[in-house]
Amino acid sequence: MPHHTFSAFHAVSSTRRAFLRRSGALAGVAGLAAATAARAEDKPLGANDRIGIGIIGCGGRGRDHINIVKGMKEAGAKVEIVAVSDTYRPRMAKQAEALKAKAYFDHRELLADKSVDLVCIATPDHIHGYQVIDAVRAGKDVYCEKPVTHWRQYELTKRMVAEVKKSGRIFQLGSQGMSNTAWHQAKKLIQEGIIGQPIHAECGYFRVGDWGEAGMPIDDPNVKPGEDLNWDAFLGDANKRPFDVSRYFRWRLYEDYSGGPATDLYPHSFTPVVYMLGVGMPSAVIGLGSISRYHACKEREVPDTANILAEYPEKTTVAILGTQGNNFPGEPELGSVGRAPTIRGWEGTISFDNQSIILTPAEGSKRQRNRWPIEHGEDVRLHWQNLLDCCRTRTQPASPVDLAWHTQTVLQMGILSARAGKAARFDKETESVIV
Ligand SMILES: NC(=O)c1ccc[n+]([C@@H]2O[C@H](COP(=O)([O-])OP(=O)(O)OC[C@H]3O[C@@H](n4cnc5c(N)ncnc54)[C@H](O)[C@@H]3O)[C@@H](O)[C@H]2O)c1
């Protein structure tokens with residue numbers, strides 16, 4: 001069973017902190033055995049040590065992270081962005097200049113820099129897994145943007161998870177919705193038996209917008225691969241193709257680099273559900289996907305609508321539903337998580353609005369209708385703070401690598417099922433996906 005803690009919001013006593021630091025030192029030694037270049041002191045970070053951060057990917061999300069970390073530093077956090085990397089030089093140079101940080105055109109050079117303790121990976125989806133492996137091998141802790149990998153990279157994801165564990169490095173997935181205490185409160189209620197045996201859950205993401213065509217600017221339509229742009233590094237393990245400026249800047253439209261809403265948006269919605277249910281791998285997944293609204297863009301290959309059903313050995317089914325072609329104003333939404341999830345059990349249903357967790361008894365149940373206030377909502381700064389705390393205490397953060405793996409496998413299986421037109425199955429013995 002996955003073990004997910006949420007240490008940021010729990011006070012850690014000084015004795016416990018000292019213990020965690022010691023156990024962290026041991027984890028660190030294991031990690032360093034595999035490291036190619038570790039941080040200078042080769043020891044865990046203390047409460048007063050500055051954490052040096054390297055940003056890999058200076059596009060839209062990378063710039064968000066730069067602003068978040070800058071804000072945290074201004075508020076007194078002991079952090080500093082010391083280096084940036086991007087395969088498109090003008091984006092990298094602009095951030096390096098503004099931050100007075102070092103610039104590395106090749107992310108491996110950034111990883112060899114001993115002043116970098118932690119990297120934030122905000123590159124296109126199909127690049128994440130490889131860069132996480134490179135980072136933990138280099139002794140760095142990691143904030144990796146969701147989705148943890150690309151839809152065709154199940155085996156890479158599995159390898160990446162093993163590498164992260166072997167390294168002893170701290171890994172946080174960028175599903176910042178996990179900073180909402182609602183999920184931790186609801187998980188506790190579910191564990192206490194408030195809904196009885198969980199049997200069914202729904203979650204999803206409904207929005208209006210052609211993320212990709214409209215949302216991704218082509219900085220320079222005349223740029224060519226070379227000094228300013230590394231096309232091969234962008235392609236990674238994807239099909240080798242001649243340079244295409246649209247593919248480079250608007251990669252979200254193409255299935256070589258993206259999975260559409262299933263992997264772009266549903267990690268946000270589905271991660272809290274996997275966490276609350278405490279499930280691991282599914283037994284079977286069925287997926288459907290289609291371009292239902294945004295036909296006009298001739299480059300679009302990925303669906304704008306995707307619906308996935310996952311069945312678990314625990315006899316629980318989860319429906320992950322959504323489209324980018326319609327939202328439903330007034331339906332409860334919880335920040336980046338999208339549509340508020342519903343968890344049904346034999347005795348009752350847990351649902352959410354922006355302020356509360358709601359229990360509705362099932363027909364025939366003796367449970368009473370109830371409501372609990374959500375302690376605090378989503379805040380990406382808390383997601384970062386949680387990671388920074390865990391880097392110091394060497395504990396598991398809110399969105400750890402097993403949770404990322406379990407979530408992503410279902411989404412990958414959903415896409416593989418949709419493409420194959422049949423159910424995808426998970427083989428527990430061999431930990432493999434069969435379609
Ligand atoms: N958590 C969230 O709410 C959230 C929001 C937006 C994006 N994201 C995720 O962040 C990631 C980046 O998305 P984006 O919108 O910033 O895309 P983007 O295209 O704006 O930025 C990606 C950047 O990576 C660079 N790049 C490409 N290949 C690289 C490589 N091999 N090494 C280094 N740099 C490379 C590109 O030049 C580009 O500047 C995606 O995985 C996306 O899903 C998460």
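Trainee: In which helix is the place of Val-245?
Mentor: This is a predicted model, in which local features need pLDDT of at least 70 and side-chain atom pairs count only at pLDDT 80 or more, while totals for chains, interfaces and linings use all residues. Residues are numbered from 1 along each chain as its sequence is written, and side-chain values use heavy atoms, with hydrogens and water left out. Helices (H or I, at least four residues) and strands (E, at least two) are DSSP runs numbered from the N terminus. Val-245 belongs to the run covering residues 245-249, which is helix H9.

Trainee: Why are helices H5 and H6 called roughly parallel?
Mentor: Axes are lines fitted to C-alpha atoms, for helices over the stretch in contact, and angles run from 0 to 180 degrees between N-to-C directions. An angle under 35 degrees counts as roughly parallel, over 145 as roughly antiparallel, 65 to 115 as roughly perpendicular, and the rest as oblique. The axes of H5 (residues 125-137) and H6 (residues 154-167) lie 9 Å apart and pack at an angle of about 15 degrees. H5 is therefore roughly parallel to H6.

Trainee: How do the residues of the contact of H5 with H6 divide by class?
Mentor: From H5 the contact takes Gly-129, Tyr-130, Val-132, Ile-133, Val-136 and Arg-137, and from H6 it takes Leu-156, Arg-159, Met-160, Glu-163, Val-164 and Ser-167. Ala, Val, Leu, Ile, Met, Phe, Trp, Tyr, Cys and Pro count as nonpolar, Asp, Glu, Lys and Arg as charged, and the others, Gly among them, as polar. On that scheme the residues divide into seven nonpolar, two polar and three charged.

Trainee: Is the crossing of H7 past H11 left-handed or right-handed?
Mentor: H7 (residues 182-191) packs with H11 (residues 266-277) at an angle of about 30 degrees, the axes being 8 Å apart, and the two helices are therefore roughly parallel. On the H7 side Trp-183, His-184, Ala-186, Lys-187 and Ile-190 meet Pro-272, Tyr-275 and Met-276 of H11, a contact with six nonpolar, one polar and one charged residues. A crossing is left-handed if the near helix is turned anticlockwise from the far one by less than a right angle, and right-handed if clockwise. H7 passes H11 in a crossing that is right-handed.

Trainee: At what angle do H2 and H12 pack?
Mentor: Arg-61, His-65, Ile-68, Val-69 and Met-72 of H2 meet Val-380, Arg-381, Trp-384, Gln-385 and Leu-388 of H12, and this contact divides into six nonpolar, two polar and two charged residues. With the axes 10 Å apart, H2 (residues 60-74) and H12 pack at an angle of about 75 degrees.

Trainee: What is the positive phi of Arg-394?
Mentor: Arg-394 sits in the loop between helix H12 (380-393) and helix H13 (401-420). Although Arg-394 is not a glycine, its phi is positive, at about 55 degrees.

Definitions and conventions:
Contact = heavy atoms within 4.5 Å.
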